[in-house]
Amino acid sequence: MDVIRLDDKERMGEIISCLEKKFTIQRHRWVNDAFTLLIATILSQNTNDRNSSRAFQALMKRFEVKPKVLAELKPEEIKPFIKCAGLYEVRSRRIVVISKEVLQRFNGNLDDVLKLPLPEARRTLMSLGGVGPKTADILLNFLGDKAVMPIDTNIFRVVNRIGLVKGRNYERTRAVLEKLIPPEKLREMHLLLIKLGREICRPRKPVCTICPINGLCDFDRGEEFNSRL
Ligand code: SF4
């Protein structure tokens with residue numbers, strides 16, 4: 001299929017409408033507390049959804065996911081419940097440390113941080129140990145209703161292949177997508193691009209023949225750059 005050359009904003013408009021038609025995403029908020037989402041996000045880093053979700057469910061079943069509860073634990077007490085997410089030594093320590101920090105610095109409640117103006121809220125969240133831009137942006141978008149685009153590894157790959165962005169610089173990719181996607185669509189597009197990356201635009205073998213945005217994508221199978229993303 002011929003690649004349609006539209007300016008990028010127009011192209012993104014088409015991409016949004018194709019992805020909306022192709023995929024259904026759940027719109028309900030399964031977590032509505034910032035600290036809980038923070039812990040779930042820590043467990044989801046560098047692991048697949050199934051394992052991170054199993055770890056999170058196991059942790060929730062055993063302990064109340066509250067800063068004052070988790071801060072009192074030793075990492076050894078957390079480890080058995082989050083083992084299936086992998087990296088459990090590091091993660092269990094991180095959970096205890098971040099729980100103490102949230103308790104001491106914010107009295108156990110991150111809601112006021114999410115209400116700060118975006119740059120300040122982002123800076124504050126990223127000052128917590130182990131919180132990088134992606135985790136901060138997830139909290140800010142999903143619970144703070146901020147117009148910010150969290151970028152994960154699927155999104156990096158997909159938007160590079162489409163040809164909207166070059167490289168894996170987080171801030172640059174975020175800035176480009178926030179310019180191209182209307183603010184009210186950022187959350188939905190975060191989820192839709194991840195879905196596209198997992199189900200069709202897979203790391204090794206993108207299934208371009210069934211891709212809903214095939215005609216809007218620059219991907220060249222011969223490009224070594226793309227295959228490494
Ligand atoms: S699956 Fe193919 S056509 Fe679709 S976004 Fe990925 S590289 Fe482009």
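Student: How many residues of domain 1 are in contact with domain 2?
Tutor: Seven residues of domain 1 are in contact with six residues of domain 2. Keep in mind that this is a predicted model.

Student: Which helix gives the largest share of the domain 1 side?
Tutor: Helix α12, residues 186-199. It supplies three residues of the side that touches domain 2.

Student: Where are the two domains in the chain?
Tutor: The domain assignment puts domain 1 at 8-26 + 150-228. Domain 2 covers 34-142.

Student: And how far apart are their centres?
Tutor: The C-alpha centres of domain 1 and domain 2 lie 27 Å apart.

Student: OK, now the inside. Which residues have the most contacts in the largest nonpolar core?
Tutor: L38, I39, L43 and L139. That core has 56 residues. Helix α2, residues 34-44, gives the largest share, with eight residues.

Student: Which domains does this core draw on?
Tutor: It draws at least three residues from each of domain 1 and domain 2.

Student: Back to L38. What is it in contact with, leaving aside neighbours within four places in sequence?
Tutor: I98, T135 and L139.

Student: How do α2 and α3 cross?
Tutor: Helix α3 is residues 49-62. The axes of α2 and α3 come within 8 Å and cross at roughly 135°. That angle makes α2 oblique to α3.

Student: Is the crossing left-handed or right-handed?
Tutor: The crossing of α2 and α3 is right-handed.

Student: Which residues meet there?
Tutor: From α2, A40, L43 and S44. From α3, S52, A55 and F56. L43 also belongs to the core residues with the most contacts.

Student: New topic: α10. How many of its residues are buried?
Tutor: Seven of its 10 residues, so helix α10 (residues 153-162) is mostly covered. The buried ones are I155, R157, V158, V159, N160, R161 and I162.

Student: What comes after α10?
Tutor: G163 follows α10, and its phi is positive, near 100°.

Student: Last one, D111. Where does it sit?
Tutor: D111 is in helix α7, residues 111-115.

Student: Why does D111 count as exposed?
Tutor: Because D111 has 12 C-beta neighbours inside 10 Å. The cut-off for exposed is 12 or fewer.

Student: How far is D111 from G144 in space?
Tutor: D111 and G144 are 8.1 Å apart, C-alpha to C-alpha. In sequence, D111 and G144 are 33 residues apart.

Conventions. Residues are numbered from 1 along each chain as its sequence is written. This is a predicted model: local features need pLDDT of at least 70, side-chain atom pairs count only at pLDDT 80 or more; totals for chains, interfaces and linings use all residues. A nonpolar core is a set of buried Ala, Val, Leu, Ile, Met, Phe, Trp, Tyr and Cys residues joined through C-beta atoms within 7 Å. A residue is buried if 20 or more other C-beta atoms lie within 10 Å of its own, exposed if 12 or fewer, and partly exposed in between; C-beta atoms are placed from the backbone. Helices (H or I, at least four residues) and strands (E, at least two) are DSSP runs, numbered from the N terminus. Domain bounds come from an automatic or database domain assignment. Two residues are in contact if their C-beta atoms, placed from the backbone, lie within 7 Å. Axes are lines fitted to C-alpha atoms, for helices over the stretch in contact, and angles run from 0 to 180 degrees between N-to-C directions. Angles under 35 degrees count as roughly parallel, over 145 as roughly antiparallel, 65 to 115 as roughly perpendicular and the rest as oblique. A crossing is left-handed if the near helix is turned anticlockwise from the far one by less than a right angle, and right-handed if clockwise.
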